[in-house]
Amino acid sequence: MSPLRSPTPFWRRASIRVWIAQVFFVLLIALAAGFFYSNLMHALRTRGLSVSFRFLTLEAGFRIGETPIPYDPGDSYGRAFLVGVLNTLRVTGIGIILATLLGVIAGVARFSPNWLIRQIVAGYVELIRNTPLLVQLVFWYYAVIFKMPTIQESITIARSILISHRGIALPWPRPTGAFLPWFSFLLVGTVVAAGVGRFRQQYQGRTGRPGYPWLSAISVWVLFAAGGWLLFGSPVWMDRPVIQGTIYRGGVVLTPEFASLLVGLVVYTAAFIAEVVRGGILSVRKGQVEAARALGLREGQILRLIIFPQALRVIIPPLTSQYLNLAKNSSLAIAVGFPDLFSVGKTIFNQTGQPVPAVILVMATYLAMSLFTSLLMNIYNRHVQFLEK
């Protein structure tokens with residue numbers, strides 16, 4: 001008989017070694033963080049500083065060139081910081097929408113049967129992706145916006161859009177007294193439209209016949225919107241910009257700084273999104289496209305019903321990264337003088353002498369924006385993924 005083997009010591013078990021390694025790593029990180037924190041606090045004490053956010057209640061005393069909310073130099077640093085946050089959110093939100101549209105169009109155009117369109121889009125993508133964003137922002141600001149005609153000689157588009165070196169003036173809808181009842185009526189229509197779309201989708205799944213759920217839902221929504229308009233009157237009126245002296249009056253005006261930053265971010269990010277879309281389309285097997293053509297589907301239907309539903313599972317993860325890059329790249333607004341989050345934060349810590357808490361605020365805000373964007377995109381990503389049984 002072979003002798004009985006002695007039991008393996010618990011510290012030699014693979015699972016125990018993994019736990020010991022993880023605990024050791026966490027302790028190492030905690031020691032490093034404590035070391036750096038101790039050095040930071042010592043350096044602040046020797047300079048008579050502290051990590052305090054009480055300065056946010058003090059009077060700011062500086063002007064901000066572009067404010068989406070009322071602000072004057074007598075307001076607090078906290079309100080000034082809020083203005084910077086809102087400016088960053090504004091350019092990031094609009095930029096994501098426009099960059100997505102331009103990027104998807106450019107990505108699809110890479111597969112155009114027209115040779116000239118393919119080469120133009122390819123040239124745009126290669127040029128923009130291989131040029132620093134900072135250089136592009138300076139180009140849009142000094143070589144494009146400032147070279148526009150004077151405000152008295154503004155370029156007029158469709159009798160409503162005015163473009164000059166003072167910015168871009170656009171018509172803007174303003175609410176009337178009928179807006180609230182019309183909007184309430186429209187909310188009811190939205191609920192009804194969702195119910196109709198759900199019913200038509202179930203009908204389509206039950207009978208196998210086309211139910212056109214989206215078309216039905218949109219049609220009901222449009223009927224409620226038009227019916228509310230006729231019932232309560234016009235909910236909005238169009239405020240069109242006009243030239244008064246050396247400024248624009250009415251509508252909404254995109255300042256040269258905001259316009260150059262927005263255009264630069266959109267054009268730059270869209271070039272990367274175009275490559276993401278192209279990669280997603282290439283991930284769909286050619287046999288499925290050929291089968292769809294054999295069934296008589298048009299190219300638009302193939303793209304909408306066959307290619308994009310499958311390509312989205314490949315597109316969404318890198319697309320999320322591009323959205324995050326756009327938000328973080330907006331900090332280059334300081335190069336064109338736009339008062340974004342980073343620019344206002346820099347002014348605050350220069351004036352208050354509190355660089356550490358000001359930088360912490362800026363970093364925390366960018367982190368919150370990135371995490372929220374990632375959360376939304378991850379939810380949508382789980383929605384478009386294929387479920388395997």
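Mentor: First, a term: helices (H or I, at least four residues) and strands (E, at least two) are DSSP runs, numbered from the N terminus. This is a predicted model, where local features need pLDDT of at least 70 and side-chain atom pairs count only at pLDDT 80 or more, while totals for chains, interfaces and linings use all residues. Residues are numbered from 1 along each chain as its sequence is written, and side-chain values use heavy atoms, without hydrogens and water.

Trainee: Why is glutamine 322 called buried?

Mentor: Buried means under 20% relative accessible area, exposed over 50%, partly exposed in between (1.4 Å probe, protein chains only). Glutamine 322 has 14% relative accessibility, so it counts as buried.

Trainee: What does glutamine 322 touch?

Mentor: Glutamine 322 lies in helix 9. Contact means heavy atoms within 4.5 Å. Leaving out residues up to four places away in sequence, glutamine 322 touches Thr269, Phe272, Ile273 and Val276.

Trainee: Which helix gives the most to the lining of the largest pocket?

Mentor: Helix 9, with nine residues.

Trainee: What makes residues of that lining nonpolar, polar or charged?

Mentor: Ala, Val, Leu, Ile, Met, Phe, Trp, Tyr, Cys and Pro count as nonpolar; Asp, Glu, Lys and Arg as charged; the others, Gly among them, as polar. By that rule, the lining of the largest pocket has 15 nonpolar, three polar and one charged.

Trainee: How does the lining of the second largest pocket divide?

Mentor: Into 10 nonpolar, one polar and five charged. Helix 7, helix 8 (286–294) and helix 9 each supply at least two residues of that lining.
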